[in-house]
Amino acid sequence: MEPVAITSGIYWVGGIDWDLRNFHGYLTQRGTTYNAYLIIGEKVVLIDTVKHYLFDEMLARIRSLIDPSKIEYLVSNHVEMDHSGSLPKMLEHAPNATVITSPQGEKGLRRHYKQDWEMHVVKSGDTISVGKRTLQFFLTPMVHWPDSMVTYIPEEKLLLPNDAFGQHIATFERFDDEACWDILHEEAAKYYANIVLPYGEQVKKALDALATLDIAMVAPSHGLIWRRYFPKIVEAYQRWSAHETENRALIVYDTMWGSTERLAYSLLEGFEKAGVPVTIRNLKTMHISDIMTDVLHSKAVLIGSPTLNNGVLPTVGGFLTYLAGLRPRNRIGFAFGSYGWGGQAVKEIETVMKNLGWRLPYEGINVQYIPDEEQLLAVKETGKKLGELIKKG
Ligand code: FEO
């Protein structure tokens with residue numbers, strides 16, 4: 001239950017959720033942290049809290065540093081309950097604290113907790129002096145909730161952006177230079193693909209606003225604190241928010257009796273023939289939140305399903321719903337499948353792709369019952385042609 005000094009007088013006092021594996025449908029195979037930060041100066045400030053069941057852990061960390069009743073300000077950068085869930089209990093231990101939040105944050109906190117707390121509502125650029133340090137606030141609506149805001153401490157060149165730049169990783173280590181960049185990048189990409197992806201325009205605006213600040217350290221509300229790789233993760237956020245992809249293909253499918261799977265692997269062979277990197281994901285064995293990371297990186301996304309009950313398989317339907325909600329743009333799409341009669345699955349997939357604004361250069365492939373060798377060769381040729389298209393950029 002030790003706190004960790006992130007700079008002189010500012011401490012990480014959050015909670016580590018080692019066992020978490022499901023974050024509203026997102027497979028968190030490495031667990032997560034909820035990061036809260038305590039500033040001890042002329043005034044004592046707590047920035048964000050933790051999920052309700054880790055309150056005691058956070059309180060123990062705070063108590064090891066200071067009497068919690070000395071907290072004067074409690075900054076709520078974001079209402080979602082993984083960060084505000086311990087606010088009610090925290091305010092019982094810090095009865096004189098004023099909650100600082102955005103206009104939407106005030107509404108959200110009152111709707112969540114039905115309490116008559118004293119709140120100080122801030123707008124973008126507002127500052128509050130807490131002794132030798134200043135808290136400056138910037139509203140970042142829809143990154144990723146309407147209430148989202150970030151806190152900046154210019155004297156420390158420290159940005160506390162809440163969910164932005166987060167990663168779901170439970171670790172003993174607190175700083176990016178104590179961890180492996182590849183894992184950090186993978187988890188930050190997965191986080192972006194599953195949480196932030198629909199809000200690219202808002203992310204761009206937030207990045208533009210933050211570019212004017214002098215930043216040496218970024219302490220998000222999940223995962224590790226950026227102090228070495230911050231320029232690299234900002235550059236990644238710029239690419240992701242612009243829906244930029246790599247020249248590679250992703251094939252996602254499920255299968256009933258193996259026919260759609262044979263089509264999937266024939267398409268794979270076509271990409272191999274074209275010399276284009278390709279990833280294949282079976283929805284029976286891969287979680288949709290991990291597949292979204294592949295979608296984030298891939299220029300072409302191919303989705304296959306057999307027809308079942310006049311539609312797609314439930315696994316494919318679940319993936320399509322998730323994909324449509326996360327709204328990746330600028331992709332080349334292609335649908336394929338097999339059927340006994342009816343054969344509606346391919347059209348259903350194409351409709352989702354068209355609604356996302358994807359380019360569908362070729363009509364989908366729909367094979368009755370079991371594809372023969374000639375059909376598989378034609379499918380492979382389609383994969384190769386899609387590969388050639390990708391190479392053109
Ligand atoms: Fe980490 Fe939007 O909550």
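Student: Which residue in β2 is the bridge partner of Thr7?

Tutor: In β2, Ile10 is the bridge partner of Thr7. This is a predicted model, in which local features need pLDDT of at least 70 and side-chain atom pairs pLDDT 80 or more, while totals for chains, interfaces and linings use all residues. Residues are numbered from 1 along each chain as its sequence is written, and side-chain values use heavy atoms, without hydrogens and water.

Student: What is the sense of pairing between β1 and β2?

Tutor: Strands of a sheet pair through backbone hydrogen bonds, either parallel or antiparallel. Here β1 and β2 (residues 10–12) are antiparallel, over three bridges; pairing requires at least two DSSP bridges. Strands are DSSP runs of E, at least two residues, and helices runs of H or I, at least four, numbered from the N terminus.

Student: In what order do the seven strands of the open sheet stand?

Tutor: The order is β1-β2-β7-β8-β9-β10-β11, with mixed pairing. β1 (4–7) and β11 (119–121) each have a single partner strand, so one side of each lacks a neighbour in the sheet.

Student: How do α5 and α9 pack?

Tutor: Two packed helices are described by the angle between their axes and the distance between the axes. For α5 (residues 181–196) and α9 (residues 288–297), the angle is about 95 degrees and the axes are 8 Å apart. That makes α5 roughly perpendicular to α9 (65 to 115 degrees). Axes are lines fitted to C-alpha atoms over the stretch in contact, with angles from 0 to 180 degrees between N-to-C directions.

Student: Which residues of α5 and α9 meet?

Tutor: Among them are His185, Glu186 and Tyr192 in α5, and Asp290, Met292 and Leu296 in α9 (contact means heavy atoms within 4.5 Å).

Technical notes:
Parallel < 35°, antiparallel > 145°, perpendicular 65-115°, else oblique.
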